[in-house]
Amino acid sequence: MVQKYESPVRIYKYPFELVVAAYERRFPTCPQMPIVLDCEIIEDSVYDDGARRDTKRRCKIAVEAPYLIKKIIGVDVVFFIQKNFLDMKTRTLNIEATNESFATRVEIFEKCRYYAHPENPDWTCFDQTATLDIKNFFGIEHSMEKMGMKQYTQTTLKGKEIIEYFVNELKQEGITHVDRWAAEEIANSTTAPSTNAALPEKPPLCRDNSILDADYIAKYLGQLTPLQESKLVQLRKRFEHGTSEHPEPDYQTLLRFLRARDFSIDKATGMLQESLQWRKEHRIDDILSEYKTPAVVEKYFPGGWHHHDKDGRPLYILRLGTMDVKGLLKSVGEDELLKLTLHICEEGLKLMKEATKLFGKPIWNWCLLVDLDGLSMRHLWRPGVKALLRIIETVEKNYPETMGRVLIVRAPRVFPVLWTIVSTFIDENTRSKFLFFGGPDCMHAEDGIEQYIDTDKIPSFLGGSCNTLIHEGGLVPKHLYKSESIEENNGAIHAHDHHGLYKAIDLKPGQMFELLICNTDPKSVLTWDFEVLKNDTLFAVYHTEKELEQSGTDDFSSVFDAPDFKEGTNYKKIEQSVKCRPKEGVQGSHEMASTGTYVLQWMCPPSCDGPAQLMYFHEILSSANYKGSMTSLQSGFSSNSLQSR
């Protein structure tokens with residue numbers, strides 16, 4: 001499936017010539033686009049006495065993807081070819097960009113235009129289109145398409161800010177005007193493309209006050225600006241002739257789809273039409289009356305509805321840490337788990353309407369509490385992650401703006417690994433609603449969940465007084481499995497399959513390897529992933545407030561063996577030593593609460609009869625990725641992939 005992105009027309013209140021001068025300053029790199037590592041001019045031709053210029057660049061781009069994706073593709077950078085066609089006579093700049101890397105697997109084509117505003121020659125217009133076609137990408141084509149277009153959209157939205165930045169830079173240098181090329185020759189020119197950039201829509205002259213009056217809005221929809229109210233009425237008119245197959249959506253549904261598309265009527269219409277067709281094809285309107293929960297789900301799925309949060313939202317609790325993902329998938333299948341999720345979403349819509357009546361105020365989303373106590377590497381089983389991504393995609397398409405808040409409690413150290421993989425595929429607006437609580441006492445801790453759930457409604461397994469029928473889940477007996485065809489790749493992460501990002505080291509008996517990480521971002525999270533290929537290996541993590549530099553002078557001694565270091569005084573071990581045996585893979589994480597230097601240390605015990613071999617990878621996750629508290633990461637124990645099978 002080809003994904004397409006089309007930006008609205010942007011207006012710069014500067015002449016075309018000044019915008020072009022600002023645009024040229026983006027190369028070869030600019031601070032606002034850190035993923036662009038370099039741009040090299042490979043062709044540059046000037047025509048018509050300088051009026052026209054064609055430029056071809058080869059651009060080096062950093063791969064922005066979770067490290068699981070990076071491991072699969074085995075690269076950190078890709079290359080693009082960009083062609084610029086500047087015509088100063090017609091005051092147009094056309095840009096085309098295509099990918100050079102992975103061209104047989106992925107086709108990316110981008111077209112941009114800068115041109116003089118047709119009605120105001122002192123302004124400049126910009127529009128942009130792009131297509132992404134992933135033909136063959138290691139079996140995760142659809143997920144990569146979604147991630148690619150999401151990240152592309154986020155990047156392109158920075159474009160206007162970048163032009164503004166360089167225009168201001170020109171002004172600071174005293175350049176506020178750039179002469180036009182042969183202005184007298186283009187006075188009557190009509191070659192600049194026209195634009196349909198819409199002015200803000202006027203509210204309708206009249207509306208159905210018997211339905212959409214002020215009291216109705218206050219009670220069922222919440223605060224709306226006049227423009228938002230106008231767009232809601234207009235969207236309703238597009239769907240006002242409902243049929244038995246496509247019932248007329250209510251105002252709450254229309255408003256959710258409008259919010260999901262930033263109140264663009266056309267985009268909301270397209271999204272809602274696709275969702276209505278999907279509901280028809282899958283008989284979603286009948287799911288509440290027809291769905292029968294499988295017996296294995298009744299017994300082993302650890303989730304259910306539980307009162308409301310403090311804002312009146314229906315509260316759903318999922319004890320993901322005790323869920324046997326593999327067992328449920330093998331016993332009921334991916335389609336059945338998706339159907340279960342859709343049933344929960346339909347229950348949520350019903351409960352939101354009931355809550356609106358109960359509390360006398362608009363309740364148009366629900367709250368999700370996810371308990372991760374017990375989460376381990378078995379939850380990173382590849383088919384399970386694949387099923388989760390499919391569920392996320394389906395829910396985001398058809399139940400937009402229904403998630404009001406997500407409380408992640410008792411998050412263990414493997415959670416940042418899962419979050420790094422999954423969060424890329426979650427809408428940015430939804431992602432901002434996640435709050436994390438890593439401590440075992442998530443109830444009473446500072447900024448604990450008592451802020452969001454009444455104390456007498458917090459379930460007993462989280463330290464509260466409220467009993468709940470939500471059980472712990474547990475392992476599904478193998479005799480209930482219906483399918484043995486699901487891929488048995490536990491965790492889907494094997495270091496030796498991904499040499500592009502992993503580094504290999506050999507350690508003689510008694511030899512050690514230390515990786516020094518200088519941290520300047522308090523509360524960022526350090527994650528590691530390594531696999532021991534041969535002989536036992538000891539692993540530990542240290543911290544010192546001193547800044548250290550990587551040194552390989554003596555592999556049989558530590559940086560802390562220097563005379564000016566004393567353990568407990570100016571450095572400390574923050575992760576106790578763990579012995580890792582051959583064929584074991586270890587993943588873990590640590591919240592770097594302080595600045596200074598963190599040291600990952602691997603050592604081959606002197607008693608070994610031969611050298612140890614391992615492959616390792618590490619990554620630092622910015623503190624900006626987390627809202628809430630992740631301090632408990634440093635109190636957990638490293639997860640071992642073999643132990644969790």
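How exposed is Cys-518, in terms of relative accessibility? Cys-518 counts as partly exposed, at 45% relative accessibility. Buried means under 20% relative accessible area, exposed means over 50%, and partly exposed lies in between, with a 1.4 Å probe and protein chains only.

This is a predicted model, in which local features need pLDDT of at least 70 and side-chain atom pairs count only at pLDDT 80 or more, while totals for chains, interfaces and linings use all residues. Residues are numbered from 1 along each chain as its sequence is written, and side-chain values use heavy atoms, with hydrogens and water left out.

**Figure 1. The whole chain.**
The chain holds 15 helices and 23 strands. Helices (H or I, at least four residues) and strands (E, at least two) are DSSP runs, numbered from the N terminus. Of the 645 residues in the chain, 50% are buried. The chain exposes about 31600 Å², and carbon and sulfur atoms supply 50% of that area. Accessible areas come from the Shrake-Rupley method with a 1.4 Å probe; for residues, only the protein chains shown count as cover. Among contacts with a separation of 6 or more, 76% join residues 24 or more positions apart. Contact means heavy atoms within 4.5 Å.

**Figure 2. The open sheet of β15, β20, β17 and β18.**
Four strands form this open sheet, in the order β15-β20-β17-β18, with antiparallel pairing. Its edge strands are β15 (512-519) and β18 (572-580), and each pairs on one side only. Neighbouring strands are turned by 15° against each other on average, direction ignored. Axes are lines fitted to C-alpha atoms, for helices over the stretch in contact, and angles run from 0 to 180 degrees between N-to-C directions. Strands β15 and β20 (residues 596-603) run antiparallel, joined by eight bridges. Two strands pair if DSSP finds at least two bridges between them. Cys-518 faces Thr-597 of β20.

**Figure 3. Thr-537 and its neighbours.**
Thr-537 lies in strand β17 (residues 537-544). Thr-537 is buried, with a relative accessible area of 0%. Leaving aside residues up to four places away in sequence, Thr-537 touches Val-532, Val-578, Lys-579, Cys-580, Trp-602, Met-603, Pro-605, Ala-612 and Leu-614.

**Figure 4. Strands β9 and β10.**
Strand β9 (residues 303-308) runs antiparallel to β10, with four bridges between them. Gly-303 has Leu-318 of β10 as its bridge partner. The hairpin of these strands has five residues between them, and Gly-312 there takes a positive phi near 90°. Five of the five residues of β10 are buried, so β10 is largely enclosed by the rest of the structure. Pro-314, Tyr-316 and Leu-318 cover one side of β10, with Leu-315 and Ile-317 on the other.

Strand β10 (residues 314-318) runs parallel to β11, and four bridges join them. Leu-315 pairs with Cys-367 of β11, and Ile-317 pairs with Leu-369. Six bridges join β11 to strand β12 (residues 403-409), again running parallel. Val-370 stands opposite Ile-408 of β12.

Helices α1 (residues 16-24) and α4 (residues 159-172) have axes that come within 8 Å and cross at roughly 100°. The two helices are therefore roughly perpendicular. Angles under 35 degrees count as roughly parallel, over 145 as roughly antiparallel, 65 to 115 as roughly perpendicular and the rest as oblique. Leu-18, Val-19, Ala-21, Ala-22 and Tyr-23 of α1 make the contact with Ile-163, Phe-166, Val-167 and Leu-170 of α4. Leu-328, Leu-329 and Val-332 of α11 meet Glu-334, Glu-336 and Leu-337 of α12.

**Figure 5. Helix α7 and its end.**
Helix α7 (residues 251-260) is mostly covered, with eight of its ten residues buried. The buried residues are Tyr-251, Gln-252, Thr-253, Leu-254, Leu-255, Arg-256, Phe-257 and Leu-258. Just after α7, Asp-262 takes a positive phi of about 50°.
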